Amino acid sequence: MARTKSLIAQVEIDHAGKSHNCQANTNHRIEKNTIRLKVRNGRSWDIYCQDCAKKIISKDIEKLHLHISTIT
Ligand SMILES: [Zn+2]
């Protein structure tokens, strides 16, 4: 049986192995061991801090609500 495809297959949440900057804003520091959002971008990942992750996910949830209300 074919597996149902996911819209968010290219998204992961993990913990930073070492500290680095958020890719949305270089003033956002992601400290080692903190939660971060990873979004697949070609062969690499775009990585965002917790604050940006919440904004990105909230926006996408809004978009998905819009899509489901359009098709139902
Ligand atoms: Zn950020």
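Visitor: Why is Asn33 called exposed?
Guide: A residue is exposed if 12 or fewer other C-beta atoms, placed from the backbone, lie within 10 Å of its own, buried if 20 or more do, and partly exposed in between; because Asn33 has 10 C-beta neighbours inside 10 Å, it counts as exposed. This is a predicted model, in which local features need pLDDT of at least 70 and side-chain atom pairs count only at pLDDT 80 or more, while totals for chains, interfaces and linings use all residues. Residues are numbered from 1 along each chain as its sequence is written.

Visitor: Where does Asn33 lie?
Guide: Asn33 is in the loop between strand E3 (29–30) and strand E4 (35–41), strands being DSSP runs of E with at least two residues and helices runs of H or I with at least four, numbered from the N terminus. The phi of Asn33 is near 75 degrees, which is a positive value in a residue other than glycine.

Visitor: How do you know that the span of helix H1 agrees with its 22 residues?
Guide: The expected span is 1.5 Å times one less than the number of residues; for H1 (residues 50–71) that should be 32 Å, and because its end C-alpha atoms are 31 Å apart, the two agree.

Visitor: What makes H1 lie largely in the open?
Guide: Of its 22 residues the number buried is one, so H1 lies largely in the open. For strand E1 (residues 11–15), the number buried among five residues is zero, so E1 also lies largely in the open.
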